[in-house]
Structure formats: structure tokens, C-alpha cells
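Q: I would like to learn how to read a protein model one feature at a time. Could we go through one together?

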Amino acid sequence: MKFSTKAIHCGEEPNLKEGGCGDVVTPIHLASTFARTEIDKPTGGYEYARTGNPTRKALEKRLASLENAKYGLAFASGLAAETTLILALLRNGDHVIVFEDLYGGTRRLFDRTLTNFGLEFTYVDATRPEKVEGAIKSNTKLVWLETPTNPLLKLCDIKAISKIAKEHRLITAVDNTFASPYLQNPLNLGADIVVHSTTKYLGGHSDVVGGAILVSNDELYAKLKFNQNAIGAVPSPFDCFLVLRGTKTLALRMDRHNYNALRLAEYLNTHPQVEKVNYPGLKTHPQHELAKKQMTGFGGIISFYLKNNVDAKIFLSKLKIIALAESLGGVESLINQPASMTHASLTQKERDRIGITNNLLRLSVGIEDVEDLKADLEQAFQGDNYA
Ligand SMILES: *Cc1c(COP(=O)(O)O)cnc(C)c1O
């Protein structure tokens, strides 16, 4: 099946067998436990809802199908997925190589929580695969990538880096949240593990927090599955239902996100009050060719630097349709100032080094009419309260 068909049917086949009522939508199974007729065998395949329940199973199958993975695992948040992944696969003394430009919360988890457990993280500029190779040590176990990155929209070559990692017997994990499975499938490019914050495009409506891990390797799956239950950071049945519902329109939404974002990126790119635009769909993006090769669309996130005569605070306060908020990937457009919001957990020095300055704004372009979004930005640029 092709993507849009899988997104509607995989994991959610109506039960037309004896006793099934044929609902075309998977019910929200609220039971915390499942009765059995025999002591040593769960009759319906389920025992306790932390271990598994039918609504979560439907979502896990759906997400696996969208990433062309054999297995899917759902979690209570993207960070719950990341934490489970690291605790399941690594131990005290292990070393991880990480793309230096990444979601602030991931960096906070690695540097401020997981380092307390004897794990070591090295941040490199993974836009150059040789930098990843150069950081490999005898205790390196995992390469952690995010592409495109948050908030600078840098890309890394998943195929090239996965190949290097394989040669050194390292696991490659890719946070595919920004692209969504509609635009990029890291497992097809050689990665071992895909991670998602389903809070973003997969859920798509800014009404649920969730995460997922997708794998095809049996051994990795066994470890992750064991720890999904052992650690217990699982999503509620209602949250699973919401993400499952969101996936059905993912293809349609992503097409519109792509369309709107490219138009706004082009508008901002020639705007006299904008210093620079980061968007993989622009020919001026240093990795535009890689984006064309690795992704099937350029996504819905843009970041841009305001010229220094435009006060970011005033600009943001003037927007009427585009909401000033953290998060991304919903149907509604959201904007934020990474330095003070999503990436505030980084030190000033670290932010300056990477390029997360106060005049950098990140725009998650929604699926509204693009002319309305453009007009909203334009009226915020205008006015006599700028220098
Ligand atoms: C939001 C996000 C996360 C964290 O996910 P939560 O669901 O908020 O825990 C991880 N990676 C990326 C790229 C994100 O945007």
C-alpha cells in the first residue's frame, strides 16, 4: 500500500469476525486489566494495560507501517521515548555522539539527567559526516541524529552517517519529528531506530503529547519492548486514539505545510527587514541538494533572523493569527523565540556558539490560507515603533 492508504487502514482493520461489531475506528479501550479463561494464557492477547492494550496496539502498527518498520512502540511523550531508548540500550560508561543542533529538551535530558548515570555525550557538527567519524571512541555505542534540526533547519546525511556507524558497529537513531514519516524514512536510509515526538505532526492538532520508537531489528525491539513495560512511560488509550486519528490526515496536512512554508520562506527571504532565512526548500540553503535527495518535501518549519532594527519582542506581540507559543507541527501556525523559549535550557555561551541569538524566530507554518499568514507577518513588520 502507498502512504495515504496505510495512514488510514494499517492497524485499524474492522473486526468482522464472530463477536466483533465491525467498527471502522478502533475504540478507546479503557480497561486497565484483561480477564482470562486460563491461568497461564491471556485469552484475548492482553493482560495489563501498561504492557499493552488494543488502542495502543493499533497506533503502534500504524506508526510502524508509516516508517516502513517491522515494529512500533508508543510512549507518553517524545522524551519518554528517548529516555526509554537510552536506558534500554546503553549502560554506565557508554558514549553517545550527538548532532549539536537539536531539540533543547533532548539536550537537557542528555546533559542534565542522563550524565548522572555515567553516560557520556559528545556534540558534533553532523552536517559533516567526517566529524561524526572523528568523534568515535572505544566506548561509543550510539549516534543520535536529528534532521532537519530544531531550530536552525540543518540537515545531516542519514545514509552516509549510518554507513559510518555500521562500519564501527554503532547504533544510529534518528529523531524524525520535524520531517514526519511522510517526508523522510530514516530506516530506508540505513538508520536502525526512528524516534518521534507524536505531539507534533503525527498528532497534528496541538491536543496531545506523545512519542514513539520504530525499529525493524528483532533484538533491538525485544530490548525496547521489555523496557517500555519495565519503565512504564506509556501513553493513555485516549492519547493513542488522538494520535491514531491525527495520522489519517498526515499526508494531506504535510502537503499543505510544505506549500505554505515554501511560500512564506520565499516571502521572508526577500523581505528588507529579514537578515536570513533557514529553510531547506530554498536554493540558498547550504544543504538544499541533500534535502531534495533525502526528503520528499521540505517541511513546515522555517526559522529566520530579524534585522537588528526590528525588535523581536514588538514584532511577536503584533502578530494576530500566528500564535506566540512553543511546540510545532499543528494545523495552526505558531511562532517562538528559541533563545528565550524552546532553547532556554542551553547556556548563553552554547546558544551563541550555535547561532541561537535573540533575533532568531522559529515559525511552525500551519495549514491556514497562506495569504492570511503573509498578511499577518507583513502587518507585524510595519509600524513606526521600530528603529
Ligand atoms: C518536541 C520534540 C521532542 C520532545 O517531544 P515531547 O513530546 O515534547 O516530549 C523531541 N524532538 C523534537 C525534534 C521535538 O520537536
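The dialogue below takes up the domains, the ligand site and a few details of the backbone.

A: Please keep in mind from the start that this is a predicted model.

Q: Into which domains is the protein divided?

A: The protein is divided into domain 1, covering residues 3–247, and domain 2, covering residues 250–381. The centres of the two domains, taken over C-alpha atoms, are separated by 26 Å. To the contact between them, domain 1 gives 41 residues and domain 2 gives 43 residues.

Q: How much area do domain 1 and domain 2 bury between them?

A: As a general idea, the size of an interface is often given as the accessible area lost when the parts come together. In this case, domain 1 and domain 2 bury about 3300 Å² between them, and 59% of that area is on carbon and sulfur atoms. On the side of domain 1, Leu155, Leu183 and Tyr201 supply 23% of the area buried against domain 2, which is more than any other three residues.

Q: Which residues are closest to the ligand?

A: The ligand is surrounded by 14 residues, and the closest are Gly78, Asp175, Ser197, Thr199 and Lys200. By kind, the residues of this shell divide into three nonpolar, seven polar and four charged. Helix H3, which runs over residues 78–89, provides the largest share of the shell, namely three residues.

Q: Where do oxygen atoms of the ligand lie 2.9 Å from the backbone?

A: A polar contact is a pair of N or O atoms within 3.5 Å, and with that cut-off in mind we can look at single pairs. A polar backbone atom of glycine 78 is 2.9 Å from an oxygen atom of the ligand, and a backbone N or O atom of leucine 79 also lies 2.9 Å from a ligand oxygen. From serine 197 it is a polar side-chain atom that lies 2.8 Å from an oxygen atom of the ligand. Of the 380 Å² of accessible area that the ligand has on its own, the protein covers 92%.

Q: What is phi of asparagine 68?

A: Asparagine 68, a residue other than glycine, has a positive phi near 55°, and its place is in the loop between helix H2 (54–66) and strand S1 (71–75).

Methods
Residues numbered from 1 in each chain as written. Predicted model: local features only at pLDDT ≥ 70, side-chain atom pairs only at ≥ 80, totals over all residues. Heavy atoms only, no water. Near = heavy atom within 4 Å. Polar contact = N/O pair within 3.5 Å; in protein donor to acceptor, adjacent residues only side chain to side chain. Areas by Shrake-Rupley, 256 points an atom, 1.4 Å probe, with all protein chains shown as cover. Helix = DSSP H or I, 4+ residues; strand = E, 2+ residues; numbered from the N terminus. Nonpolar A, V, L, I, M, F, W, Y, C, P; charged D, E, K, R; others polar. Domains from an automatic or database assignment. Contact = heavy atoms within 4.5 Å. Buried area = accessible area lost by both parts, 1.4 Å probe.
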